[in-house]
Amino acid sequence: MNLEAYTFANREFLWLLIAVPCLLAYEYLYREKTRAVLILPGVGALAGKVSSIRTVILRLLPVLRAFALSLMIIALARPQNSFSNESISTEGIDIISVIDVSTSMLAQDFRPNRIEAAKDVASDFVQARPNDHIGLVIFAGESFTLCPATTDHAVLQNLIHDIEPGQLEDGTAIGMGLGTAVDRLRSSDAKSRVIILLTDGVNNTGVIDPVTATDIAVKYGIRVYCIGVGTYGMAPYPMPGGFTQQMEVEIDEPLMKKISLATGGRYFRATDNSSLRRIYNEIDKLEKTRVEVSSFHHKSEEFYWLALAACAILLLELLLRYTLSRSLS
């Protein structure tokens, strides 16, 4: 029995329980002293046994009366059994995160660099969306699916943290990355399918043109959010030997805007860590998972059986008092 599910509609009556031990003490301490005792000579051993049984019964009667009174007080407090049921249904979103892993992502206009900043915010984004299927595609001069859309976010986050530039042939094949992500989502039956494409460059290689990949995304109703990462002007880039060189930041913003506009998404420009985090937070707000919670609460009265038990004990007490426990006349 789950006692936590019980509540009392009239809990103020429970204070009356304090009087029960007081009445029991009065019964034993005061009335026992004033009770009249009749001694009959010549009855013998049988009379002693009968008297002993009746004495035990007489001493139990106040206990029965106190127990019945306690049950009656609890019944007056109206105990209720609370039952609640909650049904949660989620309509998740299938999301593919597409991250540029070309060597230019090592530029240090983000702290410590672009790729590490992108990994941190992408991981936090995954953690904040437990009900969604999220996958991971990386691209440079070619593209590769590191993880198909899944709810096993622990595995996905480990894969995100293991991303490093140099895993793929160098270059920036935006069309390849987008096309691979579209291919992963085209057979999804989710009502909302989203691609978050993050890059710091200009499409310069790959067998799939970004416009062609965009047309396929439009055909399947896939929304694409594009993020350009990089400051304006020049950015420090690590070179062999431990020194850095200033290099011009080139992001094909017209292409990113065209992809986003055609698919119903948006284009964002991140110039530092904080702006990149704000962008992911905004996408998180734009693509909210639908969660429906249906709650049912019911309370059943439980005082009936307490009142019946109290009446039964009182009847037993009266029966014993006026039959077996009557004094010999």
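Biologist: Which residue in strand 4 is the bridge partner of Val 98?
Modeller: Val 137 is the bridge partner of Val 98 in strand 4. This is a predicted model, where local features need pLDDT of at least 70, side-chain atom pairs count only at pLDDT 80 or more, and totals for chains, interfaces and linings use all residues. Residues are numbered from 1 along each chain as its sequence is written, and side-chain values use heavy atoms, with hydrogens and water left out.

Biologist: How many bridges join strand 3 to strand 4?
Modeller: The two strands run parallel and are joined by 7 bridges. For strands to count as paired, DSSP has to find at least two bridges between them. Helices (H or I, at least four residues) and strands (E, at least two) are DSSP runs, numbered from the N terminus.

Biologist: Through which helix does the chain cross from strand 3 to strand 4?
Modeller: Through helix 3, in a right-handed β-α-β crossover. Right-handed here means that, with the strands pointing away from the viewer, the path from the first strand over the helix to the second runs clockwise.

Biologist: What about strand 3 and strand 6, how many bridges?
Modeller: Strand 3 pairs with strand 6 in the parallel sense over 6 bridges. Ser 97 stands opposite Ile 196 there.

Biologist: And on to strand 7, which sense does strand 6 pair in?
Modeller: Parallel again: strand 6 (residues 193–199) and strand 7 share 7 bridges, with Arg 193 opposite Ile 222. Together with helix 6 (residues 210–219), strand 6 and strand 7 make a right-handed β-α-β unit. Strand 7 (residues 222–229) is mostly covered, with 7 of its 8 residues buried.

Biologist: Which residue in strand 10 stands opposite Val 229?
Modeller: Ala 270 does. Strand 7 and strand 10 (residues 267–270) pair in the parallel sense over 4 bridges.

Biologist: Back to strand 4. How many residues are there between strand 4 and strand 5?
Modeller: 3 residues, in a hairpin. Strand 4 (residues 133–139) and strand 5 (residues 143–150) pair in the antiparallel sense over 5 bridges, and Ile 134 has Thr 150 as its bridge partner.

Biologist: Change of topic. How many salt bridges does the structure hold?
Modeller: The structure holds 12. A salt bridge is a side-chain nitrogen of Lys or Arg within 4 Å of a carboxyl oxygen of Asp or Glu. One of them joins the side chains of Asp 200 and Arg 114 at 2.7 Å, N to O. Asp 200 lies in the loop between strand 6 and helix 6 and Arg 114 in helix 3 (residues 114–127), so the pair ties together parts that are 86 residues apart in sequence. Asp 200 and Arg 114 are both buried.

Biologist: Which residue does Glu 287 meet in a salt bridge?
Modeller: Arg 223, at 2.6 Å, N to O. Glu 287 sits in the loop between helix 8 (273–286) and strand 11 (290–301) and Arg 223 in strand 7, so this pair links parts that are 64 residues apart in sequence. Glu 287 counts as buried at 5% relative accessibility, while Arg 223 is partly exposed at 23%.

Biologist: Which residues are linked in a network of salt bridges?
Modeller: Arg 129, Asp 132, Asp 284 and Lys 288.

Biologist: Which element gives the largest share of the lining?
Modeller: Strand 8, with 3 residues.

Methods. Buried means under 20% relative accessible area, exposed over 50%, partly exposed in between (1.4 Å probe, protein chains only).
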